[in-house]
Each structure stands twice: as structure tokens, then as C-alpha cells.
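Here are a few notes to go with the model, written for reading beside the viewer. Have it open and follow along point by point.

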Amino acid sequence: MGIERRVSEELAPPPAYSHVVTAPGATSVWTAGGVPLDADGKLVGAGDHRAQAAQVLDNLLVALREAGAGPEHVVKTTVYVVGEQEVLPEVWEVVRESPIGRALPASTLLGVASLGYRGQLVEIEAVAALD
């Protein structure tokens with residue numbers, strides 16, 4: 001696979017992500033924002049950031065498989081979290097321990113005021129590269 005993950009010695013060491021990921025000559029895959037809904041469209045983990053993050057990551061793996069990609073193909077994630085700054089590390093821990101997080105994609109973690117579904121606390125989008 002042509003995906004290369006790099007951590008620059010000139011920057012502060014990142015906590016479980018890469019500073020930059022390159023994928024020369026690859027086919028790009030972009031997911032819609034993964035949301036914490038089950039297959040019936042019901043919210044999973046009401047009021048529970050960790051449960052919602054886990055459901056979102058499971059849903060992302062399904063979406064990636066639809067495109068022929070796995071967690072090892074993910075080059076970038078954007079993680080959106082509703083709530084006080086104190087909950088951001090909780091969600092990041094779930095992401096970091098997931099198959100997607102263990103692939104060490106470049107990543108952005110954001111606190112936001114609200115998301116699209118009533119009760120939704122977490123949304124994650126991913127970019128993957130297939131050679």
C-alpha cells in the first residue's frame with residue numbers, strides 16, 4: 001500500500017495520530033459524517049459520549065467496507081463532539097482504541113454546540129485512500 005504516515009520531529013509529538021499522511025496514486029474515499037444511529041435509525045447511547053462514539057465508529061467501518069476500504073486505509077478523520085471540553089478526551093480515547101484510531105490517521109478533534117440529530121453527541125467523518 002502506498003499510504004505513508006509521518007510524524008515530524010520539528011513538531012510536538014501527537015497523541016495517537018499522524019501529523020501528515022500521503023497516499024500517492026490512490027483512489028480517495030470520503031464518508032459522510034458517521035452518526036450514532038442503529039440500522040433502524042434509532043439513536044444509540046442517549047447522553048453517553050463513549051457509547052455514541054463506539055456506534056459511530058462501527059457505522060464508519062460499515063460505510064468504509066461499502067467502498068472496499070478498511071481501517072488501515074483511513075488517512076484522515078474529523079471528530080465532532082457536543083459538550084464541555086472535558087468530554088473531548090473521553091471521545092478521543094474511544095477513537096484512539098478503535099481499529100480506525102489504531103491506523104494513526106491525521107485527525108482533527110472539535111467541540112461543537114450541536115449536531116444534526118436530537119440527542120446526538122458525536123459525529124465522525126473519514127477520508128480513506130485505496131491503491
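1. A word on terms before we start: contact here means heavy atoms within 4.5 Å. Also keep in mind that this is a predicted model.

2. With that in hand, have a look at valine 95. Setting aside its neighbours within four places in sequence, valine 95 is in contact with Leu57, Val79, Gly101 and Ile124.

3. Zoom out and you'll find Val95 again in the largest nonpolar core, which has 26 residues. Val95 is among the residues with the most contacts inside that core, along with Val91, Ile100, Val122 and Ile124. Which elements give two or more residues to this core? They are α1 (49–66), β4, α2 (88–97) and β6. Helix α1 supplies the largest share, six residues.

4. There's also a second, separate core of five residues. Ile3, Val75, Ala106 and Ala129 are included in this one.

5. Now for what pairs with β6. Strand β4 (residues 74–82) runs antiparallel to β6, and seven bridges join the two; here tyrosine 80 stands opposite glutamate 123. Strand β3 (residues 27–30) is also antiparallel to β6, joined to it by four bridges, and valine 29 stands opposite alanine 128.

Key:
Residues are numbered from 1 along each chain as its sequence is written. This is a predicted model: local features need pLDDT of at least 70, side-chain atom pairs count only at pLDDT 80 or more; totals for chains, interfaces and linings use all residues. Side-chain values use heavy atoms; hydrogens and water are left out. Two strands pair if DSSP finds at least two bridges between them. A nonpolar core is a set of buried Ala, Val, Leu, Ile, Met, Phe, Trp, Tyr and Cys residues joined through side-chain atoms within 4.5 Å. Buried means under 20% relative accessible area, exposed over 50%, partly exposed in between (1.4 Å probe, protein chains only).
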